[in-house]
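Please take a look at the model below.

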Amino acid sequence: MAYDAIIIGGSYAGLSAGLPLARARRKVLVMDAGQRRNRFAGASHGFLTQDGVPPGEIAAKGRAQLMGYGSVDWVSTEAVKAERDADGFRITDRSGKQHSARVLILATGIVDVLPDIPGVAERWGASVFHCPYCHGYELHQGRIGVLATSPLSMHQALMLPDWGATTLLLNEAFEPDEDELAQLAARGVVLERTPVSRLDGDPLEVLLQDGRRLSFAGLFLAPRMRLPELVGQLGCETEEGPLGLFIRTDPTKATSVPGLFACGDAARAAGSVPLAVGDGAMAGVAAHRALMFGQ
């Protein structure tokens, strides 16, 4: 079956992109593999009217509302191949079935590449975080650690004293220069140069290689972002951000490929639920405009 639009990714950006298209009575297919980036978090924060709500509940409510429009179909599968042809786009799912549409919206999200330190992955989203605006308040001004992954960790270390007394665990990722040391001192950040062996316990403990244990209310780090393979298959331009590559778009969320739009975490240097929802709304409207008037 041919659709007006296919949306790859059924999380916050993809759901938001679907609404304007559905309300314009366009035939839409959402393809979703069920791997929300924030699936490890117990609550979402900073999204107006949804502050503190479990992220899965927000996504489920959004899906129910979108599927209330009769022109929307949903398939719970991974898109493994994407091609552009004379009529638009052809998408192959994990089962080998093909789907076609005139325009395509990538709302795939990204994969967080975490440091290879025992205990990090198991605590991701529970006591190890990346965004202080999303999780800092709930630490109740307790002691906070920043696990350095690159020089970018300076930014986290300088931000986090607003949420609690902060220790920067350099972990041999980089060494601050004199100016950076002065900035850290001005913010009251404590430096720890001994490398980290693993994370333990609840409450969180960081075990250092010299045997010491440091207790924290929470630990922050900046993971690398990895885009899905579909981006390379479609040939759209990307841009290097502080955390890795993201899809380059114009203000309407159009990519360098005609008829292809991108929104959410895959299409910005940093992301959150409210930003993803805003991106999706813009991408959905722009995709509808492309259906009406072309590129």
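The notes below cover conventions, then the sheet, then the helix.

This is a predicted model: local features need pLDDT of at least 70, side-chain atom pairs count only at pLDDT 80 or more, and totals for chains, interfaces and linings use all residues. Numbering starts from 1 along each chain as its sequence is written, and side-chain values use heavy atoms, with hydrogens and water left out.

**Sheet**
- Three strands make an open, antiparallel sheet in the order β12-β13-β14. Strands are DSSP runs of E, at least two residues, and helices are runs of H or I, at least four residues, numbered from the N terminus. Two strands pair if DSSP finds at least two bridges between them.
- β12 (196-200) and β14 (213-216) are the edge strands, each pairing on one side only.
- From one strand to the next, the twist averages 25 degrees (axes are lines fitted to C-alpha atoms; angles run from 0 to 180 degrees between N-to-C directions).
- β12 and β13 (residues 204-208) run antiparallel and are joined by four bridges.
- Opposite Asp200 stands Glu205 in β13.

**Helix α2**
- The buried residues (under 20% relative accessible area, 1.4 Å probe, protein chains only) of α2 are Pro55, Ile58, Ala59, Gly62 and Leu66.
- These buried residues fall within an arc of 95 degrees seen down the axis of α2, so they line one face of the helix. The arc is that of the directions from the helix axis to the C-beta atoms.
- Glu57, Lys61 and Ala64, on the other side of α2, are exposed (over 50%).
- Cover for the buried residues of α2 includes α1 (12-23), β2 (28-31) and β3 (72-75), with contact meaning heavy atoms within 4.5 Å.
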